[in-house]
Structures are given as structure tokens and as C-alpha cells.
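Hi there,

Here is the structure I promised to pass on to you. Could you have a look at it alongside my notes below?

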Amino acid sequence: MISRQTVLAVLTTSALAFSIGTDPAQSASLAAAAVENAELPNDKDPDRGLRQDIKTALRSDPALRDAHVAVAARDGQVRLAGVVASEEQRHRAQQVTMAVAGVREVDNGLEIVGR
């Protein structure tokens, strides 16, 4: 289970990233780094492979080329966070994630930022 301290660290970093006036891509990168740093060490993290599979699938989809997505996963439950350019990208990210083996549920927290 994710600890309260981990959740607070991720939320604080995300809030700071979005409030310091950086562009959406930089903010998403900072938030993604916070999520990755808050995860368990590689040798004790059974969901690492699932996260990697999802990230690979998202990166290889041409429709999501300019999306900035952070992925968190635990026991087949996936949380997407970050920014996309349109509702179509938001929906596509969810579709791609659901198609990955091992994913049972997706909480799509992607935000749409117009250009």
C-alpha cells in the first residue's frame, strides 16, 4: 500500500510544479519525476513491469506523441496523471492503457491543456 507520506510528497511536488509558472510539459515532467521517486525500490516493486509496459505503449502511440503522462500502478489498478492537448488524447491514453496485459482498471487523471 502507498504510504500517506508518499502521497503527500507526490501531491506537494505536483502542486508546486503547476503553481511556479512553468509550462504544462515542464510541470508534467516534474510531477512524473515525483511519482517515480516515490515508488518502491526496483527489487521490491512487483508493479514495475506493468508501469514500464504502459509507458512503452503510450510512447509508441503516434496519437500521444505530445502528451506528458505519468503512470502509477498497483495490483492492476492504474492512475494516469499529466497533461494532454485534447479530449481525444485523454481518451486514447485510457484506451492504450486498458489494452496492456495486467491492467484491470484505469483512473484517468489527465488534464487537457489547450494550445
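Before the strands come up, one definition: two strands count as paired if DSSP finds at least two bridges between them. With that in hand, β1 and β2 form a hairpin, and 2 residues sit between the two strands. Please keep in mind throughout that this is a predicted model.

**The hairpin and its turn**

The strands β1 and β2 run antiparallel and are joined by 7 bridges.

Asp75 belongs to the loop between β1 and β2, and its phi is positive, at about 50°, although Asp75 is not a glycine. As background, most residues other than glycine have a negative phi.

**The sheet and the helices on it**

In what order do the strands of the open sheet come? There are 3 of them, ordered β1-β2-β3, with mixed pairing. β1 and β3 are the edge strands, each pairing on one side only. From one strand to the next, the twist averages 10°.

Two helices that pack on this sheet are α3 and α4. α3 touches β1 and β2, and its direction makes about 155° with that of β1. α4 touches β2 and β3, and its direction makes about 155° with that of β3.

Thr97 is part of helix α4. Is Thr97 buried or exposed? It is buried, with a relative accessible area of 0%. The side chain of Thr97 reaches back to the backbone oxygen of Ala93, at 2.8 Å. If you set aside its neighbours within four places in sequence, Thr97 is in contact with Ile54, Leu58, Val78, Leu80, Val103 and Val106.

**Salt bridges**

How many salt bridges does a search of the whole structure find? The search gives 3, and I take them one by one.

- Asp61 and Arg92 form a salt bridge in which the closest N and O atoms are 2.7 Å apart. Asp61 lies in the loop between α3 and β1, while Arg92 lies in helix α4 (residues 87–98), so this pair ties together parts that are 31 residues apart in sequence. Asp61 counts as buried, at 9% relative accessibility, whereas Arg92 is partly exposed, at 33%.

- Asp107 and Arg79 meet through their side chains in a salt bridge, at 3.2 Å from N to O. Why does this pair tie together parts that are 28 residues apart in sequence? Because Asp107 lies in strand β3 (residues 105–112) and Arg79 in strand β2 (residues 77–84). Asp107 is partly exposed, with a relative accessible area of 41%, and Arg79 counts as partly exposed too, at 36% relative accessibility.

- Arg74 forms a salt bridge with Asp47, and here the closest N and O atoms are 4.0 Å apart. Arg74 is in strand β1 (residues 68–74) and Asp47 is in the loop between α2 (24–38) and α3 (48–60), so the pair ties together parts that are 27 residues apart in sequence. Arg74 is partly exposed, with a relative accessible area of 27%; Asp47 is buried, with a relative accessible area of 7%.

Val113 is placed in the segment after β3. At 28% relative accessibility, Val113 counts as partly exposed.

**Where to start**

For a short tour, I would begin at the turn of the hairpin with Asp75 and its positive phi of about 50°. From there, go on to Thr97 in helix α4, and end with the salt bridge between Asp61 and Arg92.

Best wishes

Definitions and conventions: Residues are numbered from 1 along each chain as its sequence is written. This is a predicted model: local features need pLDDT of at least 70, side-chain atom pairs count only at pLDDT 80 or more; totals for chains, interfaces and linings use all residues. Side-chain values use heavy atoms; hydrogens and water are left out. Helices (H or I, at least four residues) and strands (E, at least two) are DSSP runs, numbered from the N terminus. Buried means under 20% relative accessible area, exposed over 50%, partly exposed in between (1.4 Å probe, protein chains only). A polar contact is a pair of N or O atoms within 3.5 Å; within protein, one must be able to donate a hydrogen and the other to accept it, and residues adjacent in sequence count only if both atoms are side-chain atoms. Contact means heavy atoms within 4.5 Å. Axes are lines fitted to C-alpha atoms, for helices over the stretch in contact, and angles run from 0 to 180 degrees between N-to-C directions.
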